[in-house]
Amino acid sequence: QILTGLQFFYGKKYKIFSENNFLKIFNNHEKILFFKFYEILKSFKPYVVHSFLEFPNIINGICGLNIGIKKIILSTRNVPPYNFIWHKYYFKNIYKFLLKNKNILLVNNSRKGAAEYNKWLELKNNKTQVTYNIFDFKNLSKKKNKRDNKKIFVGMVSRLSAEKNINYFIMIANELLKESKHYHFKLYGEGDLKNIDINKIEKLN
């Protein structure tokens with residue numbers, strides 16, 4: 001039943017996504033994730049489904065359309081996936097098909113990121129909506145900190161990988177610490193650059 005539905009959605013819009021070819025798009029691990037997610041959506045059938053990043057967006061959009069989810073939100077990353085080695089050839093065509101459906105919304109957390117996706121997907125009228133990370137700067141209290149100490153804490157929680165530019169954070173911290181010892185920096189995260197970042201911090205100290 002699932003494959004019949006997928007063939008219905010893809011077979012008529014894009015010939016490449018016929019029922020037979022669909023089975024070749026995902027690897028075995030991705031197929032397992034896809035069908036598990038389908039069963040979850042089918043069981044709960046929520047009014048809104050919100051996913052993040054490319055592959056989750058793909059399975060969210062496909063499954064959501066098949067099941068009849070009223071509102072499907074696809075949140076994208078800082079830059080389009082073609083910038084990474086794990087980019088899949090089918091991302092662009094599936095995104096373009098999904099976005100022809102009025103109940104599917106593509107969002108990004110910056111104007112630059114949204115512009116990059118609009119260009120990549122050849123979307124007209126700035127189709128990608130900009131939704132900034134949740135922080136209410138307008139209502140931020142302007143009262144001075146009444147603590148007796150003068151410590152200034154600066155923290156970062158991130159995946160420790162190249163696109164996050166952790167080195168920039170480390171260099172800023174190093175320069176500010178030269179000016180004042182009141183600054184205290186905290187860096188939390190995991191990733192393939194963890195050991196490199198630790199070594200760099202130890203050398204600077």
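The model is predicted, so local features need pLDDT of at least 70, side-chain atom pairs count only at pLDDT 80 or more, and totals for chains, interfaces and linings use all residues. Residues are numbered from 1 along each chain as its sequence is written, and side-chain values use heavy atoms, with hydrogens and water left out.

The chain contains eight helices and six strands. Helices (H or I, at least four residues) and strands (E, at least two) are DSSP runs, numbered from the N terminus. Along the sequence, the pattern is α-α-α-β-α-β-α-β-α-β-β-α-β-α. The chain has 205 residues, and 33% of them count as buried. Buried means under 20% relative accessible area, exposed means over 50%, and partly exposed lies in between (1.4 Å probe, protein chains only). Contact means heavy atoms within 4.5 Å. Among contacts between residues at least 6 apart in sequence, 59% join residues at least 24 apart.

Pockets were examined next. On a 1 Å grid over the protein atoms alone, a pocket is an open set of points where a 1.4 Å probe fits, with protein on both sides within 12 Å along at least five of seven lines; lining residues have an atom within 4 Å of a point. Grid points are joined across faces, edges and corners, and a volume is the space filled by probe spheres set on the points.

The largest pocket has a volume of about 460 Å³. Its lining has 20 residues, and Phe52, Ser75, Thr76, Asn109 and Asn133 lie nearest the centre. The elements giving two or more residues to this lining are β1 (48-52), β2 (71-75) and β3 (104-108). By class, the lining of the largest pocket has eight nonpolar, eight polar and four charged residues. Ala, Val, Leu, Ile, Met, Phe, Trp, Tyr, Cys and Pro count as nonpolar, Asp, Glu, Lys and Arg as charged, and the others, Gly among them, as polar.

The second largest pocket holds about 240 Å³ of space. Its lining includes Phe169, Phe185, Lys186 and Asn205. At least two lining residues come from each of α7 (166-179), β6 (183-188) and α8 (194-204). Helix α7 gives the largest share, five residues. This lining divides into eight nonpolar, three polar and one charged.

Aromatic rings were then paired. Rings of Phe, Tyr and Trp (its six-membered ring) pair if their centres lie within 6.5 Å; planes under 30 degrees apart count as stacked, over 60 as edge-to-face and the rest as tilted. Tyr89 and Tyr90 form an edge-to-face pair, at 5.5 Å centre to centre and 85° between the planes. Tyr89 counts as exposed because its relative accessibility is 58%. Tyr90 is buried, because its relative accessible area is 1%. Phe169 and Phe185 also form an edge-to-face pair, at 5.9 Å and 80°. This pair links distant parts of the chain, with Phe169 in helix α7 and Phe185 in strand β6, 16 residues apart. Phe169 is buried, at 14% relative accessible area. Ring pairs also link Tyr82, Tyr95, Tyr117 and Trp120 into a cluster.

Leu123 lies in the loop between α6 (111-121) and β4 (129-130). Leu123 counts as buried because its relative accessible area is 19%. Leaving aside neighbours within four places in sequence, Leu123 is in contact with Leu99, Leu106, Tyr117, Asn118 and Thr128. Leu123 and Leu99 are 24 residues apart along the chain, and their C-alpha atoms are separated by 9.1 Å.
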